[in-house]
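The exercises below concern strand pairing and a chain contact in one structure. Work through each task before reading its solution.

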Amino acid sequence: MFGKNLIFGLGLAIILVLAAPAFAQNPGFGCAAPGSNSTVNFTLHQPISQTLTNSCTVPSTTVTLGGEFFFEFHCETKANGDFHEHWTSHYNLTGMDTNNIKYVGKDSQNYDLKMDPDGTFPPVPTEDFRTNDKFKLIAQGPTPDMTMTQQFHIKVDANNNVTVEKTGDPVVKCSK
Amino acid sequence: MQEWKRAKSIAVLLTLVTCVGSAVGQAPASTTTLQNQVTTNNCSAGEPVALNGTVNFQVAVSTDPTSGANSFTVTASNNLTGVGQTTGSNYVASDSSDYIVSSTQNATEATVEFKSDLTSQGSAPSLTLIQTLDIVVDVSGNVSAQVTSNTTQCGN
């Protein structure tokens, strides 16, 4: 149990890497009070500036997006010793296409990963998680909306360091 | 004698084909059936929708020979019809999403949100369906998956 506490006591450092080579880093934080209900929160705002091709319109247009991805993480040590990573991806985006049509994307998606699902000791929270976040870009007027799917790669190493990478470009699907 | 040998060869071949077929063609899977499960509506322009159909979970498990880490790939796909509880409008949803966990452990447990378009077949506005999925997979390919909630949003 002492070893388990020690592992939790090493703390949880969050390092977020988005759109390499740019990356952001914070000093990290620890999961308090191992073995009891505790939650430690961490947030990161990541500005986004990118263009994408909207093939939902004829002819296709180029949409320039601005705004941010905003991630909320918390590690939670349950009373029974289970260790969970929970995070929410938020999207607060606006866009303008080459026809001056405005787009708004405001959405979120939740995940929870139990770090020691087989109950082995120590929990060894070495995990990679690849997700597909979906969020809508609502177009002004009769222009078709888009659903964007963006893959993220979340990695947790044996010292509870977490990194997040945006993988590839978003996939666009027409949704109206 | 020759006919006997030929029959024996065919029997062995058929056995091999059957074994290979079950090893390759039958990936671990789990299917959840929804029967009149009514969504919680969080869209001001939307309505609760009674869902019918299936959510299927296909799983592929592999182990990295170098790191020893197990990779669990879960593909969730739905095939649903729905009836609006206010307008009586019909809706359909058919989509899929991949979730990949690589873990040094022999099992993984994740709770994810699976989003899909709940497309109106009439004049009612289309909605975004958000299904919360609890998924447990182990290295033997045992899958336990449940749909724990169904909500609808406007999509923004």
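**Exercise 1.** Describe how strands β4 and β5 of chain A are joined.

Solution. Strand β4 (residues 61-77) and strand β5 (residues 83-97) of chain A run antiparallel, joined by 15 bridges. Strands here are DSSP E runs of at least two residues, helices are H or I runs of at least four, and both are numbered from the N terminus. Two strands pair if DSSP finds at least two bridges between them. Within this pairing, A:E68 stands opposite A:N92 in β5(A). β4(A) and β5(A) form a hairpin with five residues between them, and A:G81 in the turn has a positive phi of about 95°.

The model is predicted: local features need pLDDT of at least 70 and side-chain atom pairs pLDDT 80 or more, while totals for chains, interfaces and linings use all residues. Residues are numbered from 1 along each chain as its sequence is written, with chains lettered from A and ligands numbered from 1 in written order.

**Exercise 2.** Which elements build the side of chain B that touches chain A?

Solution. The contact (C-beta atoms, placed from the backbone, within 7 Å) takes 23 residues from chain B and 27 residues from chain A. On the chain B side, β5 (90-103), β6 (107-120) and β7 (127-138) each give two or more residues. The largest share, nine residues, comes from β6(B).

**Exercise 3.** Find a strand pairing between the chains, and state its sense.

Solution. Strand β7 (residues 127-139) of chain A pairs with β5(B) in the antiparallel sense, over four bridges. A:E127 stands opposite B:S103 in β5(B).

How values were computed:
Two residues are in contact if their C-beta atoms, placed from the backbone, lie within 7 Å.
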